[in-house]
Amino acid sequence: MPRLPAPAILFALLFALSPAFADDGIAERLAACAACHGARGEGMQGAEYVPHLAGKPAGYLFEQLAGFRDGRRVNASMTWLVQFADDAWLREIAAYYAALPPRTHAADAGAAQLTPERRERAERLVREGDREHGVPACSACHGPDLAGLEPGIPATLGLPADYVVAQFGHWRNGSRRAREPDCMHGVAQALSPQDIRAVATWLSQQSNAQSIRPAPAGAFVPPARCGALDAEAAP
Amino acid sequence: MSLRRILFALACLLLPCVLAALAIAAMLFARQGGIEPFRIPHGERAVATDATTIASGEYLARIGNCRACHTVRGGAPFAGGRAFSTGIGTVYSTNITPDPAHGIGDWSADEFAHVMRHGVSRRGALYPVFPYAHFANVADADLDVILAYLRTQPASASTPPPNRLEPPADSRRALVGWRMLHYRPEATRIDPNDRGRYLVDGLGHCAMCHSARGERGSLPPEGHFAGGRIPGIGWYAPPLDRVQLERYSEQQLADYLRTGTSAHGSAYGPMAEVVYASLRALTPGDALAIARHLKQVEPAPLRATVGGEANDDAGSPGAQVYAHACADCHGKDGEGKPGAYPPLQGSVAATAPDATNAVRLVLYGGMPVATAGEPRPHTMPPFVQRLDAGEIAAVVNHLRRRWGARDSRLTAQDVESMQGIVVD
C-alpha cells in the first residue's frame, strides 16, 4: 500500500471529524449567492427584491431553487446560476441557509403608513382571512407568530412590502408556481390589489427582534393540504 | 428596325443567359442532394422495442441531446417550443413526442431516418438549426433505436409557437435556395467503428457551436472546428483541434466531457448545459474515443491565430481592479486554485479572439455543473453590481493582455452591449 504523507492523513482526519470545516467550505463555494443575498444569507439593505435566506425552512428554499432551475419561478439571474445544479447540491445549499439564524430586524420604518381602515383590514386578513372570498388567514399556515412552518412554509416576517407585492403579482400571473395544490396562487387570485398592498405593508411593519425560527413540522395543522406541506426537508 | 427584329435579337441574347442560369440551378440542386431529399418515404417498417433497444436509444438520444433542444424549460420532455434565435429571426423546436397529430407519432422508421438524414420532413425543408448535416452520419441501426426510445416517451399535444422569421426566410421554399447555395451532403457516412469521429461529427453535432459560420449561417468546411461566436446567444465557442486541446491529456479531456470540470477550468455557458444535459451520460469508453479524435483534429484554415506578445500590463487600471476583485480566487498570477478556482493562464476566456466569454463571466458569474466529478462546485459571483462597465472592460483587457497575449481594447460601451442574461 502506498504511504500517504502524515500531513495528508492529519488533514483528512480533521476534515472527517469536523462538520464545521465542511460548513466553511460551503460558504466559500456560494460566493455567487453572497453577492446579492449576503455572506450569511442576511439579505441586502436597500435591495427590496433580493430577500434574505437565513433561517427559512430548508424544504421551502429547495423548492425555490429547483423552481428557478425548472421554470416554475422566473428570475433570469437566479435561473442563470442554478440551471445546471442537481437536486442533491440544491438541497445542501438550502440546508446551509436554513441552518443560519433568521435575520433579526426592526419594523420597516420606511414603509408607507396605513389608514386605520386599511390597517384593520390587513390585520383581519392576517388573523382571520376572508371567508367570503375563500381566503384563509395568513397565520393559519404561516403560524400564529408568522414565523413559518417546517419544512415548506416560510416566515412572512422581515420581507419588504414591495417584495411581497411582487410575489403576489407572480402568483397571479403564473410566473411563480409551487407544488400542486398551489395554495398561494388561489390566495393571490382571490385578494384585490388593495388588500395585497395593505397586507404587504402591514407585514413589513412587524419586527422580528427575537430571530424566531419556523415552527417544527407538525407543530400546527394548516387548514388546506397545500403542496408546500409536501416539501422535502434537508437531505 | 421592326419590333419583331428587336425581340428576336433580345431573345438571342437572353436565351443563353436563361439556359446558363437553369444549368447552374440544376447543378446546385444536384449538389444539395438532388430530388431525393424531397421524396418522403412512406410505408411502415417495424423497429425492435425490447428493453435493450430502448436503453440503447435512450443513451444515443442523450448523446445527440435531442431533449435539450426539443424541450422548453419546465415543459413536457421532447414537446418542443424552445426558441432558437438566429440572424434571420426565431425558430422554435418541434414536438417530437409520439403524439400522432402534434408530434411524430405517425412517422414511420423510414420517414424518421429520412428527416434525420436530409433535413426535409413532410412539412418541407427544415431550418438548418436542426443539425441534419451531422445526423446524416448516424448509422441506420442507431436511428432505429433512437426512434424506438422516442416512441416510449409520453405523448404531448403541445404545439410550439410559429417561427418568427423575416422574409424571405419565412418561406420553406427559400430553404431550398439556401440548401442549393450552402448545403453539401457528404458522399459517404462516417464508419461507426471510428467511434470518436462518429460521435463528434454525427450525433454529437459539436460543430454546430464550435465552427466558424459562413454566409447566411452556413457551415463551410474551412471553418470546421475553427471556433466562433455561437449564433443567437452571447457566447464564443473555442476551436476544437490538436493545438487548442494541447493542454489536456486524452484522459483529462474525457473526464472534462463527463464531469464538466478539469485542472484547466470548468464548463460554463452553453457547454455547461451540454455537459449537464448530455455528455455526463457518456460511457468512459465513448468519452475517451471523443477525446482521442478531437486531439487529432488539424487546425482549420479559418481558425483565428493565437495571440501576439504577452504583456504584463502592470500598473494599468485593469491590473488594480484585478488585484482587489479577482486575485483572491484566481491568484495574483492567474494561476487559480486547484480544485476550487480555474487558472486564467491559458484559459479560453483570456486567449480567445473574442472577449465575450470573459465579459459575460465577470458580469454574471456562474455556478459550474454539479456532476459526479464536482458535486459541490465553487461559484463565481456576479460583478455587474460591484464594478461599472468601465472597470469590467479594464479588468477583461488586463487579463486578456496578460494571460491571453491579446491586444484587448474593450471599452465600457462594448461591455454595455454584452449585457443581458439569456436564459430560455
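The contact between the two chains draws 21 residues from chain B and 23 residues from chain A. On the side of chain B that touches chain A, α11(B) makes the largest share, with three residues. The model is predicted, and its scores are ipTM 0.90 and pTM 0.90.

**Side of chain B that touches chain A**
- By class, this side of chain B comprises 13 nonpolar, five polar and three charged residues.

**Domains of chain B**
- Chain B is assigned three domains: domain 1 covers 38–184, domain 2 covers 206–304 and domain 3 covers 307–424.
- A distance of 20 Å separates the C-alpha centres of domain 2 and domain 3 of chain B.

**Contact between domain 2 and domain 3 of chain B**
- In this contact, 24 residues of domain 2 of chain B meet 23 residues of domain 3 of chain B.
- On the domain 2 side, the elements giving two or more residues are α10 (250–259), β9 (265–266) and α11 (269–277) of chain B.
- Here the largest share comes from α11(B), which supplies four residues.
- The side of domain 2 that touches domain 3 in chain B consists of eleven nonpolar, eight polar and five charged residues.

**Confidence**
- Chain B has a mean pLDDT of 94, and 99% of its residues reach 70 or more.
- Where pLDDT is low, predicted coordinates should not be read in detail.

How values were computed. Residues are numbered from 1 along each chain as its sequence is written. Chains are lettered from A and ligands numbered from 1 in the order in which they are written. This is a predicted model: local features need pLDDT of at least 70, side-chain atom pairs count only at pLDDT 80 or more; totals for chains, interfaces and linings use all residues. Domain bounds come from an automatic or database domain assignment. Two residues are in contact if their C-beta atoms, placed from the backbone, lie within 7 Å. Ala, Val, Leu, Ile, Met, Phe, Trp, Tyr, Cys and Pro count as nonpolar, Asp, Glu, Lys and Arg as charged, and the others, Gly among them, as polar. pLDDT is the predictor's confidence in each residue, from 0 to 100.
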